[in-house]
Amino acid sequence: MLERLECFYQPATLRGALLLIRKVGRRGRIVAGATDIATQADRSTRFLIDITRLHLNYIHKGNGECSIGSATTMAELERSAVIRRLAGGVLAKAAAACGSIQNRNMATLGGNLANASPAADTAAVLLALDAKVVVASSRGKRKIALAKFHSGAHKTILNGDLLTEIAIPRLAAGARVGWSFQKLGRTETDISLVNVAAGLQADARGRIKWVRLALGAVGPTPMRARKAEALLLGKHLSEDLLMQAGAAVVQEVDPISDNRASAEYRREMSGVLLRRALRECATQAEVKL
Ligand SMILES: Cc1cc2nc3c(=O)[nH]c(=O)nc-3n(C[C@H](O)[C@H](O)[C@H](O)COP(=O)(O)OP(=O)(O)OC[C@H]3O[C@@H](n4cnc5c(N)ncnc54)[C@H](O)[C@@H]3O)c2cc1C
């Protein structure tokens, strides 16, 4: 797979890495934890540019916003007190679901997003958190919504540029908030057949003030379930409403059949996982269904 590799670069500065990326062009690939690229790089890859010496593994919290360096590993995320406290710990839970501990010690958050698998476990959570990503090239840096980052299955808008940071904006304050991450895989360490992230806030009467629903592995890119969100907004949480939201999401997803599961099974399970997620959110938000 990498038999035509000519050089493995380990730049020590971001500027150095960006210059190298520009110099090697399409014959080069960025590598972080290498848990995806080791199985995907092809004969066209002549140069690997390792970004793990660029000090891009950090988790900062200031002014309510949380900034995570793209080379932060899943193991670092799941251990971080900041990430475990953030939004009921949904991102820590998703990171902890990314394969075995050996995989999570290597796998990075940036790699999970840049690889652009529809099933990436952190992507749905970050969509539900309204995250933004910072992309750097030799021309400068730009910040874009994660919702605009994935352009198709295994496709992003990166076009060879470097993802440096993931930024999670300040979350709504107040009581009666709940978050959930649900994953269905063949085994505990397998890739998701479906994953769901949900967050909501209820008012004192149990009516939904805001709600965010995102799913993975049920379309070409991780997706927000906007129709199900619209259906829930302003309504009283109840078992009946959960059934309606589950039915809405089943209509909204667009899964494929592959060697892991059929499209029909993924569609059905989208509704099941969404209801589970909303139930967990309701419990955290202290709303009786
Ligand atoms: C056994 C096994 C089990 C797995 N289980 C799961 C699972 O349960 N859930 C899950 O979501 N994933 C799983 N994965 C997939 C993988 O571990 C994750 O997607 C991981 O987060 C990828 O990160 P990485 O640092 O290893 O990426 P790499 O392999 O280094 O890179 C992946 C891709 O992203 C690009 N890239 C990496 N970093 C950047 C950057 N900063 N800027 C621009 N491009 C970049 C690379 O060029 C490459 O195209 C599994 C993988 C294996 C091997």
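Among contacts in the chain between residues at least 6 apart in sequence, what percentage join residues at least 24 apart? In this predicted model, the figure is 62%. The chain comprises 11 helices and 14 strands. Its radius of gyration is 19 Å, close to the 19 Å that the globule rule gives for 289 residues, so the chain is as compact as a globular protein of that length. The C-alpha trace spans about 60 × 45 × 30 Å along the principal axes, and 53% of the 289 residues count as buried.

One part of the fold to examine is a sheet. Four strands form this open sheet in the order β11-β12-β13-β14, and their pairing is antiparallel. Strand β12 (residues 192-202) and strand β13 (residues 208-216) run antiparallel and are joined by eight bridges. Ala197 stands opposite Ala214 in β13. Helix α11 packs on the sheet, where α11 touches β11, β12 and β13. The direction of α11 makes about 150 degrees with that of β11.

The discussion now turns to the helix partner of α11. Two packed helices are described by the angle between their axes and the distance between the axes. For helix α10 (residues 239-252) and helix α11 (residues 263-284), the axes come within 8 Å and cross at roughly 145 degrees. The crossing of α10 and α11 is right-handed. On the α10 side, the contact is made by Glu239, Leu242, Met243, Ala245, Gly246, Val249, Val250 and Gln251. The residues contributed by α11 are Arg267, Ser270, Gly271, Leu274, Arg275, Leu278 and Arg279. Sorted by class, the contact of α10 with α11 has seven nonpolar, four polar and four charged residues.

Which residues are in contact with Arg266, leaving aside its neighbours within four places in sequence? They are Leu193, Val194, Ala217, Val218, Pro255, Ile256, Ser257, Asp258, Arg260 and Ala261. Of these, Leu193 and Val194 lie within the residue range of strand β12 (residues 192-202).

Methods: Residues numbered from 1 in each chain as written. Predicted model: local features only at pLDDT ≥ 70, side-chain atom pairs only at ≥ 80, totals over all residues. Heavy atoms only, no water. Axes fitted to C-alpha atoms, helices over the stretch in contact; angles between N-to-C directions. Helix = DSSP H or I, 4+ residues; strand = E, 2+ residues; numbered from the N terminus. Left-handed = near helix turned anticlockwise from the far one by under 90°. Contact = heavy atoms within 4.5 Å. Nonpolar A, V, L, I, M, F, W, Y, C, P; charged D, E, K, R; others polar. Pairing = 2+ DSSP bridges. Rg over C-alpha atoms; globule rule 2.2 N^0.38 Å. Buried < 20%, exposed > 50% of the residue type's maximum accessible area, 1.4 Å probe, protein only.
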